[in-house]
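Reader: Hi! Could you walk me through this one?

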Amino acid sequence: MTQNYARVLTIAGSDSGGGAGIQADLKTFSACGCYGTSAITALTAQNTIGVTDIHPVPVLHLQKQIQAVLDDIGTDAIKIGMLHSTEIINMVVKTLEKYKATPIVIDPVMVATSGDKLVLDNAIKAIKSKLMSIATIITPNIPECEILLNKKIEGTNLKFYAKELADAYSVSVLLKAGHLNNDTLTDIFYNFDSKEYFELTSKKVQTQNTHGTGCTLSSAIAAFLAKEFTLNESVLKGKEYLEGAIKKSADHTLGKGHGPLHHFYKFW
C-alpha cells in the first residue's frame, strides 16, 4: 500500500552559500519528514559574510514555477520567504489565491543576518498591503516587526507588539526575540484566531552560526502544518527543531562569518 508525502512548497530566494533561503528551506522540510518543492524568486551571490549581488527571477518564470508544482504535485503547506519586488508580490498573491493554497507561513524577509537589505523599498508597501492578507502566520524578527508596524520597539516585553501586529494584519504572529542581547530569549506567539499568547523561552546559544535561522523556523512550522499538526503544535515543534539545529551548529565551523545551522542534527 503506497503512502502520500506531506508536501511543502517554498517560494523564496536562493542562497549560494547554502545556509538560508531555498537551500535552508528544503533541508528543513526533509529533516522534518516532508517532501519539499520550490519556486525561486531571486538568485543571490551570498556567503557567510554577506550578500554581494541579487538577480531577480523574471515574474512570468516564477509564476510558471509555482504553477508547475501546484498543477501536478500539489502542496499541503506553503512557506514564503524573500519576495524582491512589488511585481513579484502581486503575482504570488494572485496565483496562490487562484489555487486556494493554504496554510501559508510567511517569513517577511527584508534584512539579512549580515544587515544587508534584501528587498526594494517599494516592495515593503506591497508586503504590508497585499502579502500579509494571505498569511496563516507570519514570523518576523524585531527589525522586521518595526518595519511592519512603522515604529521602534522598546524594551524586552514583546507581547504588546505581537498582538498589535496581529491585529493590524489579522494574522497569527510569532515575534522572534533573537536580536535582543539577553542571555534568555522569549519569543512571543500570538494565535489571532484563539486570542492565545504563548511565551517560547530558550537560552541564547553562544555561536556565530545563526545564518538562516528565520528561514529554518518558518519552514519547520510549514512542515508540521503540512503533517496536519495544529498551528499551536506546529509553532512549538518548529521552535524545538530550531533550537536543536542551533545548538548542534555550535560544534561546527564553516566560512568566515555567520555560519549555517545543522539542519540534520537528528541524523548525523
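This is a predicted model: local features need pLDDT of at least 70, side-chain atom pairs count only at pLDDT 80 or more; totals for chains, interfaces and linings use all residues.

Reader: What does the secondary structure of the chain come to?

Author: Eight helices and nine strands, taken as DSSP runs (helices H or I, at least four residues; strands E, at least two) numbered from the N terminus.

Reader: And how much of the chain counts as buried?

Author: Of its 268 residues, 54% are buried, meaning under 20% relative accessible area with a 1.4 Å probe, protein chains only.

Reader: Switching to α3: which of its residues are buried?

Author: Thr86, Ile88, Ile89, Met91, Val92, Val93, Thr95 and Leu96.

Reader: What covers them?

Author: The cover includes β1 (7–15), β2 (35–46), α2 (59–72), β4 (77–80), β5 (104–106) and α4 (121–129).

Reader: What span should α3 have, and how far apart are its ends?

Author: At 1.5 Å a residue, the 14 residues of α3 (86–99) should span 20 Å, and the end C-alpha atoms are 20 Å apart, which agrees. The expected span is 1.5 Å times one less than the number of residues.

Reader: What comes just after α3?

Author: Lys100, with a positive phi of about 55°.

Reader: Last one: what box do the C-alpha atoms of the chain fill?

Author: Roughly 45 × 45 × 40 Å, along the principal axes.

Methods:
Residues are numbered from 1 along each chain as its sequence is written. Side-chain values use heavy atoms; hydrogens and water are left out. Buried means under 20% relative accessible area, exposed over 50%, partly exposed in between (1.4 Å probe, protein chains only). Contact means heavy atoms within 4.5 Å.
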